[in-house]
Amino acid sequence: MGKEFKTYNCQMRFLRDEKKIGCKGSEDKTILIRNGFFNLINGYKEPFIHTVEKDGKHNYIGRSCITHFESVKRFDVDLRMHLMKYIVQVEEEIRTVTGYKFDYINNLGKTTWYDVTSYNSNIDVQKRIRVISKCFNEIDRSRQKYIEHYLTKHKEIPTWIFVKTLNFSTFIEFFDICKPEVKNSVCELYGVLREDGKPDYNLMKSMMHWMRKIRNSCAHNERIYGIKKEDGRVIRPFKVFLPTRKNYITKHYSQRLIDVILYLRYFLPDTEYIAFIEDVERLLITLREKINGNAFDKVRAEMGIRSLDDLEILKNSSKDIKFNKF
C-alpha cells in the first residue's frame, strides 16, 4: 500500500502529534506549501534527530519547529548558489588556459586537437583515439549557434571553442591525455604541486572531479551541505592551507565541502577568495543564530568544518597566481 494522502492541515497535525515538531498557524502552513513535506522534512531532518528507536522512529531535538527546517534548507540553497558561482568561474578559466597552452605547445595551433600527435605520446594511442572520438560526439550533439557558425564558415572547430563545448567530465579526460608541457604549465600556474615542487597531475584531476560533482549537485538542486565521497580525500591541500590543523590530515577520509573550499584557494585570487569565504562564513553565522546549537554543530560537521576558526585561517591566507607570466 502506498502512502495515504494527507491535506496540508493533516500534515501539520502529523508533525505536531507524531513527530513533536512545532507547526501551526498560517505562516508555518505557508512554509509547508511552498517547500513540500518531503523536500523540507525528509530532506533536512538529520540535524534535528536526537535518537532513533528500534522500529526506526526518529525522535527530534526538543522544541524543533518547521521554521528550523526551513532555515537549514535556506542555508543549503544559498550555499549552493555561492558554490555554483565560483566553481563555474574556475571551471571556465581552467578550460581557457588549458586550451591556450594546448595550442601554444602544438605548433601554435597548427596541429589540431583531433590529431593524435597533439597528445601525450606515452599514452596508449587507443586511449587517445577514444577520448578524441568522445569529444567529436559531444560536438556533434551540440546545438550551440557558435558551433554551427564555425562548422559552416571554417569547416572545423578551433581549440578555444572545442574546450568550451565539452562536458566537464570529458574535459578532464582531455586534460589527462594532454602533453606533459600543457599539464605542467596549468599546474604551475595555480601552484598545484607535490611536496617536491613538481606539478601534481593527480591532485589537479581529483580537484576537478570533486568540483564537477559539487557543481552538478548544485545545478540539480540536490542537498549540498552534507555531500561526501568516501575515501576520496587528498591531504595535500590541507597541508598547504591548513597546516596547523593536524586533525584534518587523515589518509582515508571522505571528501566533503571543506575539500572544495580548500580547492578553490588554488584557483581564486586573494580578493575573490576572501569574498567567497566571507559568504560561507556569513551563511553559517546566520544559521547558527536560527537553530538549536546541537543541530548547527551537525550541519557544520557534515560540511567537514571542524571549527569556524578554520575559515578565518583560510580568509587570512594568501596565494599569488602569476597570470601575467603564463
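## Basis of the model

In this predicted model, local features need pLDDT of at least 70 and side-chain atom pairs count only at pLDDT 80 or more, whereas totals for chains, interfaces and linings use all residues. Residues are numbered from 1 along each chain as its sequence is written, and side-chain values use heavy atoms, with hydrogens and water left out.

## The largest pocket

The volume of the largest pocket is about 420 Å³. A pocket is an open set of points on a 1 Å grid over the protein atoms alone, where a 1.4 Å probe fits, with protein on both sides within 12 Å along at least five of seven lines; lining residues have an atom within 4 Å of a point. The volume is the space filled by probe spheres set on the points, which are joined across faces, edges and corners.

Thirteen residues line the largest pocket, and Lys3, Lys6, Phe14, Phe37 and Asn42 lie nearest its centre. At least two lining residues come from each of helix 1 (8-17), helix 3 (37-42) and strand 2 (58-60); helix 3 gives the most, with three residues. Helices (H or I, at least four residues) and strands (E, at least two) are DSSP runs, numbered from the N terminus.

## Cysteines

The structure holds zero disulfides (pairs of cysteine sulfur atoms within 2.5 Å). For Cys10, the nearest cysteine sulfur is that of Cys23, 12 Å away. The sulfur of Cys23 is 9.0 Å from its closest counterpart, in Cys65, which is too far for a bond.

Cys10 is partly exposed, with a relative accessible area of 29%, while Cys23 is buried at 2%. Buried means under 20% relative accessible area, exposed over 50% and partly exposed in between (1.4 Å probe, protein chains only).
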